[in-house]
Amino acid sequence: MKPAQRLTLFLLMAPAILWLGLLIILPHVEILILSFSERVAPRVYQFGLGNYLEFFTEPLYWRTFARTAIMSILVTACTLVLAFPIALYIARVAQGRLKAMLLLMCLLPFWVSELVRTLGWMILLRETGVVSYVLQSIGLASQPVELLYNDGAVILGLVYGGLLFMIVPLANALESLEPSVVEAGFDLGGSRWTVLRRIVIPHAMPGIVAGSIIVFMLTVGNFATPVLLGGKNGLWFTEQIYAQFITRFNWPQGAAFGMLLLMLSSIIVWAGLRLSGQSLGTTLRQA
Amino acid sequence: MSSSTDLEIINVIKRFGSYNAVDGVSFSVAQGEFFSILGPSGCGKTTLMRMIAGFEDPTSGDIRIREKSMIGVPANRRPVNMVFQSLALFPMMSVGENVAYGLTCRGVSRAEADKRATRMLERVGLKGFGDRRVTALSGGQRQRVAIARCLVLEPTLVLLDEPLGALDLKLREHMKIELKQLQAMFNTTFVYITHDQSEALVMSDRIAVMNQGHFEQVGSPRELYNNPQTPFVASFVGETNRWSGETASASGDAVTIRLPSGATVQGKGQAGKAQSLCFVRPEAIALGTDQASLGNAANRFEGRVSAVLFDGANSSLLIDAPGFEKPARAVLPQAGPLAGIGVGAPIHFGWATDSMKVFAA
């Protein structure tokens, strides 16, 4: 390689390397180191596994952790079930302008911040909110109904936030399915259910996995939605991290929690890929 | 029709908006027959086939398979299977699973379906291919899988929608023969759609020529070739010379036509009142080095070779002759005194009255 070429390559690579190094690798190395430092006296730290031991000995921590993992899987599953028919419609039925319109409508809520979107749900669901008012006025409830601050509200908000990220890779995957392959599935005697199960879903598998990974990661790391819609009952693991860093000012503990969350999502994504028999490469291409 | 009729189409019309894609088509196909529908693209043949398969509903008319009306019967309940133009093999399944798919849909057990699929693959010459991915097959092999996938279900009728279109020429020639052999081996009724007249002529027992939504003529390949009933069939099926001119005289079916550029030709058929079309096959034109070698053919002309189109046994000559606005095309035998003829050489050519078909313009 000529020196000039090498310089060009270096300059072209520089932003990516800087971004990767400064914003992703460096903070994580810092957090990793931090998570292994124990406070033995005021302003005296030494290397130790204390922060991780604390996680396993305090039930609140690991229960919140397990709850976050299970709820996130549930949210991902709900999002997939909801998004599949929508994606199927966008990819196979809608044509031209309608297709563009529908995708735009999915995108529209993301023009405002997550906080505003969540506040929108609060307006609908709170005791003096729209849903409560409608239920009372049609006589289904005799007094104001509080629909906020429960797991249902948290799941609802998280599914809503994840829907777009599921629909886009799904619609992409479904679009590439040749119409005649579906017709052949019917022609050879398959019912709607057989065609869906043996032809459409296997074909969409890379899209399903890609969408699920994205939604799961967004959900597990979400902060505002569980806090606002779940209130005190939210108990999302990110709240624990926030509390350690900001309220308790215990950075090493917070760092350990952060590393645990990273491990959790990595393990679940890996397990998901193994179970569906997909490779990370094909999945990333789909997403 | 007798009880051996597998498919009966009765006055089927399919309308898209104000446009009649299929316009009152009726025909029937006997058990074990290889029936082709031949027509240019956009003539409605694919719509007709999709109605037989059950992917479109006719606007009016009836489709009967073994005497049972198929109106309102969904595609997955019809005893009809289709080989798609793109073949539409299931890429997510192995070759064996592709063939077994239809059987498992019918509730045949996995083990039994696999056994039958393996046997079917053997019969179409794909023994041991069951575990391969369909993407790992050659064009001809994929073709056979697509047909095996249908035949394993023992359907009353197999529909084939230009399945040879994507293959290269050599393979297409080979598959024509193979398809015909498969059809004879399984004795299943085939309805074959194509725009390629040579595919239809080689394989079919009977051919329907379709144009602008209706059938022009139904008949054996020989009938269509030798006795076309309409100008469209005459020009679409096989190579032909086509001239139009004014009717000079007509008595019975013998017609004399004067071409605008001056020549007068004689043929047989139904002349128009003023204008007529006449067709003569290139192989019906006799060639000779002098008048005498043409014998007593009614049409005899003299011209010069304007081009030699060498194509082995299919070689032909284009001949420029005074009185013809377009050069005449004639088959050039590759064995004989004219085999080595060159451009510009003088030549005599002619044909019998019977060889020239005349239609009203």
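Domain bounds here come from an automatic or database domain assignment. The model shown in these views is predicted.

**View 1. Domains of chain B.** Chain B is divided into three parts: domain 1 covers 5-231, domain 2 covers 239-278 and domain 3 covers 280-353. Taken over C-alpha atoms, the centres of domain 1 of chain B and domain 2 of chain B are separated by 40 Å.

**View 2. The largest nonpolar core.** This core has 144 residues. Those with the most contacts inside it are I167(A) and L170(A) from chain A, together with I52(B), V83(B), L159(B) and V209(B) from chain B. Helix α7 of chain A, residues 151-175, gives the most to this core, with 15 residues.

**View 3. Surroundings of I167(A).** I167(A) is one of the residues with the most contacts inside the largest nonpolar core. Leaving aside residues up to four places away in sequence, I167(A) touches A83(A), I86(A), A87(A) and C106(A).

**View 4. The contact of chain A and chain B.** Chain A gives 15 residues to the contact, and chain B gives 17 residues. On the side of chain A that touches chain B, the elements giving two or more residues are α8 (179-187) and α9 (192-220) of chain A. The largest share of this side, six residues, comes from α8(A). By class, the side of chain A that touches chain B has six nonpolar, six polar and three charged residues.

Notes
Residues are numbered from 1 along each chain as its sequence is written. Chains are lettered from A and ligands numbered from 1 in the order in which they are written. This is a predicted model: local features need pLDDT of at least 70, side-chain atom pairs count only at pLDDT 80 or more; totals for chains, interfaces and linings use all residues. A nonpolar core is a set of buried Ala, Val, Leu, Ile, Met, Phe, Trp, Tyr and Cys residues joined through C-beta atoms within 7 Å. A residue is buried if 20 or more other C-beta atoms lie within 10 Å of its own, exposed if 12 or fewer, and partly exposed in between; C-beta atoms are placed from the backbone. Helices (H or I, at least four residues) and strands (E, at least two) are DSSP runs, numbered from the N terminus. Two residues are in contact if their C-beta atoms, placed from the backbone, lie within 7 Å. Ala, Val, Leu, Ile, Met, Phe, Trp, Tyr, Cys and Pro count as nonpolar, Asp, Glu, Lys and Arg as charged, and the others, Gly among them, as polar.
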